[in-house]
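Please go through the briefing below with the model open beside it.

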Amino acid sequence: MAPSEHEHEPEPDRSTRPIESSIRTDLRGAMSYGGYLDLDRLLSAQHPRSSPEHHDELLFIVQHQTSELWLRLVLHELRGARQYLGDDDLAPALKCLARVKNIQRTLTEQWSVLATLTPREYAQFRGALGSASGFQSYQYRAVEFILGNKNAAMLTVFDGEPEAQEVLSELLEAPTLYDEFLRLMARNGFDVPAAVLERDHRRPWTFQPELVPVFRQVYESTDTPWGIYEACESLVDVEDNFQLWRFRHLLTVQRTIGFKTGTGGSSGVGFLRRALDLTFFPELYAVRTEIGT
C-alpha cells in the first residue's frame, strides 16, 4: 500500500501560541499597558540602600511598597463609604466595605512573604534602613483616623511631609466612618444619643455605653432593616481583619528580629502588642454580651 501523502507531515508546533491577527502590536503613539500604569516610574522606585546590595532587600522594599498601594485603595474606599453613608446611600457604602475586607485579607497574607526573610538575612541589611520605620506610614495613620483611632500628636511625626500632614489634619477634623453610620442610624429612627452625634470629631472614639442598647435593638428586633444589620456586621468584619493584620505583623516582626528595638525607636514587639488593645467599634462587640440575656 502506498504511503499516505500526509504520513510524513510534521506535527504542528504546540509549544508556541500564535498571536491573534486582531491583537494590536504596533503601539507607537497609542496608550500602552506600561504607559497607563506608569510602569517605568513604578518599577524604578525600588532603591536598595545596602552596600554591597543584599539580595533580600528588594523583597523588603516591594513588600512595603505594595502595602502602601493597598492602603491607598483602602483609604479611597473608606472615604467613599463615609460619603455614601452621609448621603443615606447604604448599598454602595456596603460595596466599598466589602472591597476593603478583601484588600485586608490580601494585606494580611502578604506577611507570609516577608516571613520568608530569616533573622540573619534581615540583619545583613537592616542598618541601611536608618531611622525609617512603618510607624512613619501616614497612610496607615490615615486609615486609623478615618476608623476612629485619632491622635493629634501623630501630626508632629510628619512636620517634614506637608502633604501627609494635610491628609491627616483633614481626617482629624472630619467625622469618622462610624460617626456617619451612627448619623444614618439616627435618621432611620434609631435612638442614637445626641451627645454621641454632636461629639468632638477631633477626639479618638471611646466606648459609649449608651449605644449598646441601640445596637441591641438592631440585633434583636425583627423590624431592623437588613442593610443596617449588615452594616454593623461589616464594621465588625473590618475591625476583625484589622486586628488579624496587626497580629500577623507582630508575629512577623518577632520572627525576624525577636525583641529588638524598632528602627524608628519603638519598643518593637511590645509596641505592636499594645496596639492589639485598640478598638474602633467597641459597642458592636459589647452588645454581644447583652443579646439573649
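This is a predicted model: local features need pLDDT of at least 70, side-chain atom pairs count only at pLDDT 80 or more; totals for chains, interfaces and linings use all residues.

Residues are numbered from 1 along each chain as its sequence is written, and side-chain values use heavy atoms, with hydrogens and water left out.

**Overall fold**

- The protein chain has 13 helices and 0 strands, where helices are DSSP runs of H or I with at least four residues and strands are runs of E with at least two, numbered from the N terminus.
- The radius of gyration of the protein chain is 25 Å, well over the 19 Å from the globule rule for 293 residues, so the chain is more spread out than a compact globule. This radius is taken over C-alpha atoms, and the rule is 2.2 Å times the number of residues to the power 0.38.
- The C-alpha trace of the protein chain spans about 95 × 55 × 45 Å along its principal axes.

**Burial and core**

- Of the 293 residues in the protein chain, 39% are buried (under 20% relative accessible area; exposed is over 50%, partly exposed in between; 1.4 Å probe, protein chains only).
- The largest nonpolar core holds 67 residues, and L147, M185 and F215 touch the most other members. Such a core is a set of buried Ala, Val, Leu, Ile, Met, Phe, Trp, Tyr and Cys residues joined through side-chain atoms within 4.5 Å.
- Helix α11 (residues 226-257) gives this core its largest share, 11 residues.
- Beyond its neighbours within four places in sequence, F215 has contacts (heavy atoms within 4.5 Å) that include Y178, M185, C232 and V287.

**L114**

- L114 lies in helix α4 (residues 90-114) and counts as buried at 6% relative accessibility.
- Not counting residues up to four places away in sequence, L114 touches L59, F60, Q63, H64 and T252.
- L114 and H249 are 135 residues apart in sequence, yet their C-alpha atoms are 9.7 Å apart in space.

**Backbone in the loops**

- S51 and P52 are joined by a cis peptide bond with omega of about 0°; P52 is in the loop between α2 (39-42) and α3 (57-86).
- D38, in the loop between α1 (33-36) and α2, is not a glycine but has a positive phi of about 55°. D38 is partly exposed, with a relative accessible area of 31%.
- D88, in the loop between α3 and α4, is not a glycine but has a positive phi of about 60°. D88 counts as partly exposed at 43% relative accessibility.
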